[in-house]
Amino acid sequence: MNGFLYGVVLQWKLDIRSKSLLVTCYIVPLIFFLLMGGIFTSVMPEMRSTLIQSMIVMSVSMGAFIGLPPSLIETYGSDIKKIYKANGIPVCLGLVTMFISAFIHLMITCIVIMLLASILFEAALPTQLPFFFLALAIYVIVSLSIGSVLGLTVKNQAKLTMIAQLVFLPSIMLSGIMFPVGLLPDFLETIGRIFPASCGYRLMLDHGFCFENLWYLFFIFFAAVIVCGIVLKKQKDG
């Protein structure tokens, strides 16, 4: 157990020094929040009631889909996995430590956004904070599970960048965080519901923590766990 905790702390420190993770988990999301937060609340003052949830969805999506997968490729697409095998270390350790580290980084960013939004843009804080943080944690975990699948299954960095964008952009544009989904054509609204951002956004809204918004996120998470388990087993046996 001590070895596992040491691995998590070590990975967290390594991630702090990672320029890629620093950009995708902190710099870009916070700059986007500072710019778009002012624009949204000026053009559409009613967005103050959902600004926190909207900016969090964008930040988590970027960190999970664009920030985490390249780190996984560096580990599982290189000789590092051979070091795991040679030393009798479970091949899943890298994934688990990176997952937990990314979870902590994203939660920090989301808390910063929540606090700054209420101060800078007079955004409404969630009325049910325990349910909000639980919903936030669930959404971060589900998003990271998808990022884990991308990082383990796509071996080419160029392809990964393209596929990650194909997951990230619809998550932002079709989830309802930029504008009401009712303004979209029916087929785009349907496509938007495929991505977890839509459910995660509704789950974090006041009184949105319900089974209707939960079941699909749980389905995605367990499906991602199964895929990751299969890929890691092949890595171990290969």
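**Reading a helical chain**

Guide: Start at Val-23, a residue of helix H2. The model shown here is predicted, and that applies to each value below.

Visitor: Is Val-23 buried, partly exposed or exposed?

Guide: Val-23 is partly exposed, because its relative accessibility is 35%, and the partly exposed class lies between under 20% for buried and over 50% for exposed.

Visitor: What elements does the chain have?

Guide: The chain has 10 helices and 0 strands. Read from the N terminus, the order is α-α-α-α-α-α-α-α-α-α. Of its 238 residues, 48% count as buried.

Visitor: Which residues form a nonpolar patch on the surface?

Guide: Leu-22, Val-23, Ile-27, Val-28, Ile-31 and Leu-35 form the patch, and together they have about 460 Å² of accessible area. Ile-27 belongs to helix H2, which covers residues 19-43. Its relative accessibility is 38%, so Ile-27 is partly exposed. Val-23 is in helix H2 too.

Visitor: Where in the chain is Val-112?

Guide: Val-112 is part of helix H5. Its relative accessible area is 30%, so Val-112 is classed as partly exposed. Sequence distance and spatial distance should be read separately here. Val-112 and Ile-56 are 56 residues apart in sequence, while their C-alpha atoms are 9.9 Å apart in space.

Visitor: How should I read a salt bridge?

Guide: Side chains of opposite charge can pair when their charged atoms come close. In this model the count is 1 salt bridge. The pair is Arg-193 with Glu-189, at an N to O distance of 3.4 Å, and the cut-off is 4 Å. Arg-193 has 42% relative accessibility, so it counts as partly exposed.

Visitor: Which residue has a positive phi of about 55 degrees although it is not a glycine?

Guide: That residue is Glu-122. Glu-122 sits in the loop between helix H5 (93-120) and H6. Its relative accessibility is 61%, and therefore Glu-122 counts as exposed.

Visitor: And which residue has a positive phi of about 65 degrees?

Guide: His-207 has that phi, and it is not a glycine either. The loop that holds His-207 runs between H9 and helix H10 (211-237). At 63% relative accessibility, His-207 is classed as exposed.

Visitor: How do I look for empty space inside a model?

Guide: Rolling a probe the size of a water molecule over the atoms shows where empty space is left. In this structure there are 2 cavities of 30 Å³ or more. The largest cavity has a volume of about 50 Å³.

Visitor: Which residues line the largest cavity?

Guide: The lining is made of Pro-126, Gln-128, Phe-131, Phe-132, Leu-203, Met-204, Leu-205, Asp-206, His-207, Gly-208 and Phe-209. Helix H6 (129-153) and helix H9 (196-204) are the elements that contribute two or more residues to this lining.

Visitor: How many of the lining residues are nonpolar, polar or charged?

Guide: The lining of the largest cavity has 7 nonpolar, 3 polar and 1 charged. His-207 links two of these topics: it is one of the lining residues, and it has the positive phi of about 65 degrees.

Definitions and conventions: Residues numbered from 1 in each chain as written. Predicted model: local features only at pLDDT ≥ 70, side-chain atom pairs only at ≥ 80, totals over all residues. Heavy atoms only, no water. 1 Å grid on protein atoms, 1.4 Å probe; cavity = no way out; pocket = protein on both sides within 12 Å on 5 of 7 lines; lining within 4 Å. Points joined across faces, edges and corners; volume = space filled by probe spheres on them. Helix = DSSP H or I, 4+ residues; strand = E, 2+ residues; numbered from the N terminus. Nonpolar A, V, L, I, M, F, W, Y, C, P; charged D, E, K, R; others polar. Patch = residues over 30% accessible without salt bridge, like charges linked within 9 Å, V, L, I, M, F, W, Y side chains within 5 Å. Areas by Shrake-Rupley, 256 points an atom, 1.4 Å probe, with all protein chains shown as cover. Salt bridge = Lys/Arg side-chain N within 4 Å of Asp/Glu carboxyl O. Buried < 20%, exposed > 50% of the residue type's maximum accessible area, 1.4 Å probe, protein only.
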